[in-house]
Amino acid sequence: VIVVVGLGVWRPWRNSNALNPAHVPAAPAPSQAAAVAPALGPKSIAVLPFGNLSPDKDNEYFTDGIHEDVLGQLLNIRELHVISRTSVMSYRGTAKRVGEIARELGVAFILEGTVRRANSVVRVSAQLIDARTDTPVWSMPPIDRELTTAAIFKIQLEIAQSIAGALRTKLSPQERKLLEQRPTEIWRPTMPTCAVARCRPLAFP
């Protein structure tokens with residue numbers, strides 16, 4: 001009799017705990033950690049979309065052209081692991097820190113830059129950042145250049161060659177030749193040339 005009564009007392013107590021929300025274990029919270037891409041190596045780089053500092057937003061096309069050609073120049077260097085344009089375009093205007101972007105893309109270096117166009121003058125600045133230490137390892141100060149196809153190509157070539165030097169890559173004779181060829185000599189009309197023809201003249205505010 002004692003055993004039966006004991007079970008009768010215990011079971012309702014056990015069931016009441018099972019129905020009590022205070023005794024239901026909380027579900028684990030979903031992870032908030034950002035996705036991390038596999039590291040591509042010490043000579044991996046992402047060229048972020050260049051910022052358009054011109055007052056006229058129509059010059060976004062011109063800025064994208066310079067960004068695309070710089071990225072294309074770096075793709076000619078075999079030792080570099082360069083992230084595709086499609087993957088980096090989502091970071092246009094992002095507020096994320098360099099280290100966070102680098103982890104998401106799996107790269108060691110980030111190249112960022114700005115373009116400002118006014119009348120017949122273009123001003124391009126760029127810097128290469130070691131995302132592992134958040135330290136600039138190379139930079140191009142903002143210098144005014146004449147708005148011509150030759151001048152724009154020279155800027156792009158200077159950026160590509162400087163990055164190759166900063167990352168201690170050995171350029172083969174074929175790679176040097178590719179870098180020094182204008183885009184029209186390789187596979188397509190140069191984007192900045194199209195932009196030069198279509199963008200309206202501007203004046204610095």
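This is a predicted model: local features need pLDDT of at least 70, side-chain atom pairs count only at pLDDT 80 or more; totals for chains, interfaces and linings use all residues.
Trainee: OK. How many helices and strands are in the protein?
Mentor: Eight helices and six strands, taken as DSSP runs numbered from the N terminus (helices H or I, at least four residues; strands E, at least two). From the N terminus the order is α-β-β-α-β-α-α-β-β-β-α-α-α-α.

Trainee: And how do strand 5 and strand 6 run, parallel or antiparallel?
Mentor: Antiparallel, with nine bridges joining them; strands pair if DSSP finds at least two bridges between them. Arg 123 has Asp 144 in strand 6 as its bridge partner.

Trainee: What about the hairpin of those two, which residue takes a positive phi?
Mentor: Asp 134, near 55 degrees, and the hairpin has four residues between the strands.

Trainee: Switching to the inside: how many residues has the largest nonpolar core?
Mentor: 46, and Leu 74, Ile 110, Leu 111, Ile 159 and Ile 163 have the most contacts inside it. Such a core is a set of buried Ala, Val, Leu, Ile, Met, Phe, Trp, Tyr and Cys residues joined through side-chain atoms within 4.5 Å. Buried means under 20% relative accessible area with a 1.4 Å probe, protein chains only.

Trainee: Which element gives the largest share of this core?
Mentor: Helix 5, with eight residues.

Trainee: What is Leu 111 in contact with?
Mentor: Leaving aside neighbours within four places in sequence, its contacts (heavy atoms within 4.5 Å) include Ile 45, Val 70, Leu 74, Trp 138, Ile 159 and Ile 163.

Trainee: New topic. What volume has the largest pocket?
Mentor: About 210 Å³. A pocket here is an open set of points on a 1 Å grid over the protein atoms alone, where a 1.4 Å probe fits, with protein on both sides within 12 Å along at least five of seven lines; lining residues have an atom within 4 Å of a point.

Trainee: Which residues lie nearest its centre?
Mentor: Leu 48, Pro 49, Tyr 91, Thr 94 and Glu 112, out of 17 lining residues. Strand 4 supplies the largest share of that lining, three residues.

Conventions
Residues are numbered from 1 along each chain as its sequence is written. Side-chain values use heavy atoms; hydrogens and water are left out. Grid points are joined across faces, edges and corners, and a volume is the space filled by probe spheres set on the points. Buried means under 20% relative accessible area, exposed over 50%, partly exposed in between (1.4 Å probe, protein chains only).
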